[in-house]
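Open the model in your viewer and keep the selection panel at hand. The tour goes from stop to stop, with a selection at each one.

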Amino acid sequence: MNESGSLNGTGVPLARIQASDGNSSLELSSQLPVFAINPWDVVLCISGTIIACENAIVVAIIFYTPTLRTPMFVLIGSLATADLLAGVGLILNFVFQYVIQSETISLITVGFLVASFTASVSSLLAITVDRYLSLYNALTYYSEKTVLCIHMMLIVTWGVSLCLGLLPVLGWNCLDDYSSCSIVRPLTKSNVTLLSASFFLVFIIMLHLYIKICKIVCRHAHQIALQQHFLTASHYVATKKGVSTLAIIIGIFGASWLPFAIYCVVGDLDYPSVYTYATLLPATYNSMINPIIYAYRNQEIQRAMWVLFCGCFQSKVSFRSRSPSDV
C-alpha cells in the first residue's frame with residue numbers, strides 16, 4: 001500500500017512518519033525511516049505462525065508414519081499442507097510488507113496466499129466427497145478405483161489452486177489501474193469475484209453432500225435398530241452426535257469464510273480497511289481449526305503423535321481404527 005492509504009497484499013496499510021517542520025526534518029535526516037506497524041498485521045502474523053506450527057505437526061506425522069497411507073489420510077495431509085503453506089504465506093506477507101516493499105514481491109505473496117487458501121478449501125471439499133463415497137459405496141470403497149479417484153481429486157485441487165494463484169502474477173492485477181482494485185490490493189474486483197463465486201459453489205456442494213451424509217447416517221442407525229428389534233437410547237445418542245458433528249463442521253466452515261467471501265463481492269477499495277481485516281481474520285482461523293477437526297480428533301493420528309513425542313506406545317491405552325465415514 002502506498003502512503004496515500006491504498007491496500008497492499010491482504011489489505012495492509014503502511015504509514016511513514018515524517019516530520020512536519022523544517023527543524024524536525026533536519027534532525028531526522030540522518031535517522032532510519034520509522035514505520036507504523038498495524039496491529040491487525042501483527043495478529044495475522046501470529047495467526048499464521050500458529051497455523052504453520054499446527055499443520056506442520058500433522059504433515060510430519062502423516063509423512064513419517066507408514067500406516068497412514070490410506071486415501072483418507074492422504075486427503076488430510078493435503079489439507080494440512082495447504083494450511084501450512086497459508087500460515088507461511090501470512091508470515092511472509094508481514095515480513096515483506098515491513099522489510100521489503102516491492103510490487104513484484106507483493107504479487108508473488110498474494111498469489112501464494114490465494115493458491116494456499118484455495119487448496120485448503122478445495123481439500124475440504126475433497127474430504128467431504130471422500131466421506132460421502134465411504135458411506136454411499138461402503139462395499140467398494142477400499143479398491144483401486146477409490147485410490148485413483150483420490151489421486152484425481154488431488155491433481156484437480158492443486159492444479160486449480162496453482163492456476164488461481166498465478167493469475168495476479170501473470171497480469172490479472174490492478175497495479176496499472178487503481179480504479180479496478182478490490183478490497184485486497186493488488187487483486188482486481190473481477191478476480192476476487194471469481195474467487196468468491198468459486199467458494200460459494202464449493203460451500204453449496206459441501207452443504208449438499210453433508211445433508212446426504214446425515215440422511216445415510218440416520219438410515220444406517222435405523223436399520224441397525226430394526227435388526228435388533230428396538231431403538232435403544234445409545235443408537236439415538238450416536239445418531240444425534242454424528243449429525244451434530246456434521247453440523248458443527250459445516251457451520252465452522254461457513255462462519256469462517258462466508259463473511260470474507262460476501263465482503264469481497266460487496267466491498268469497495270474506498271471502504272475502511274478494518275472491514276477487510278475483520279472478515280479476513282476469521283477466514284484464517286479456519287486453517288487453525290482444520291487440524292483439530294480433521295487430524296487431532298483421529299485416533300490413528302493420536303497414536304502416531306504418542307509414538308512421535310513419547311518414543312513409545314503403551315499397549316494398555318486403547319485406540320480404535322477410524323474409517324472415513326467416522327464423523
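Which helices each supply at least two residues of the lining of the largest pocket? Select α4 (103–136), α5 (144–166), α6 (189–227) and α7 (233–266): each of them does. Helices (H or I, at least four residues) and strands (E, at least two) are DSSP runs, numbered from the N terminus.

Some ground rules before the next selection. This is a predicted model, in which local features need pLDDT of at least 70, side-chain atom pairs count only at pLDDT 80 or more, and totals for chains, interfaces and linings use all residues. Residues are numbered from 1 along each chain as its sequence is written, and side-chain values use heavy atoms, with hydrogens and water left out.

**Stop 1: the whole chain**

Colour by secondary structure. The protein has nine helices and two strands. Along the sequence they run β-α-β-α-α-α-α-α-α-α-α. Now colour by accessibility. Of the 327 residues, 45% count as buried. Buried means under 20% relative accessible area, exposed over 50%, and partly exposed in between (1.4 Å probe, protein chains only). Contact means heavy atoms within 4.5 Å. Among contacts with a separation of 6 or more, 73% join residues 24 or more positions apart.

**Stop 2: the largest pocket**

Rolling a probe the size of a water molecule over the atoms shows where empty space is left. Here the search runs on a 1 Å grid over the protein atoms alone, with a 1.4 Å probe; a pocket is an open set of points with protein on both sides within 12 Å along at least five of seven lines, and lining residues have an atom within 4 Å of a point. The volume is the space filled by probe spheres set on the points, which are joined across faces, edges and corners.

The largest pocket holds about 700 Å³ of space. Select V114, F117, T118, V121 and L195: of its 31 lining residues, these are the closest to its centre. Which helix gives the largest share of the lining? That is α4, with nine residues. By class, the lining has 24 nonpolar, seven polar and no charged residues. In this scheme Ala, Val, Leu, Ile, Met, Phe, Trp, Tyr, Cys and Pro are nonpolar, Asp, Glu, Lys and Arg are charged, and the others, Gly among them, are polar.

**Stop 3: the largest nonpolar core**

In soluble globular proteins, nonpolar side chains tend to be buried together. A nonpolar core is a set of buried Ala, Val, Leu, Ile, Met, Phe, Trp, Tyr and Cys residues joined through side-chain atoms within 4.5 Å. The largest one has 63 residues. Select I76, M206, Y210, F253, W257, F260 and Y294, which have the most contacts inside this core. Helices that each supply at least two of its residues include α2 (39–64), α3 (71–98), α8 (273–296) and α9 (299–310).

Zoom in on Y294. Leaving out residues up to four places away in sequence, Y294 touches I76, L79, L124, I127, R131, Y210 and I249.

**Stop 4: the aromatic rings**

Rings of Phe, Tyr and Trp (its six-membered ring) pair if their centres lie within 6.5 Å; planes under 30 degrees apart count as stacked, over 60 as edge-to-face and the rest as tilted. The count comes to 13 aromatic pairs. Take F63 and Y64: their ring centres are 5.0 Å apart and their planes at 85°, so this pair is edge-to-face. Both F63 and Y64 are exposed. Then select F117, F199, F200, F203, F253, W257 and F260, which form one aromatic cluster.

**Stop 5**

Go to A86 in α3. Is A86 buried or exposed? It is buried, at 0% relative accessible area. Beyond four places in sequence, A86 contacts L113, S116 and F117. Move on to S116 in α4. S116 is buried at 3%, and its contacts beyond four places are A82, L85 and A86.

**Stop 6: the loop between α5 and α6**

Select C181, which lies in this loop. C181 is buried, with a relative accessible area of 1%. Apart from residues up to four places away, C181 touches C174, L187, K189 and L269. P186 lies in the loop between α5 and α6 too. Most peptide bonds are trans. The bond joining R185 and P186 is cis, with omega about 15°.
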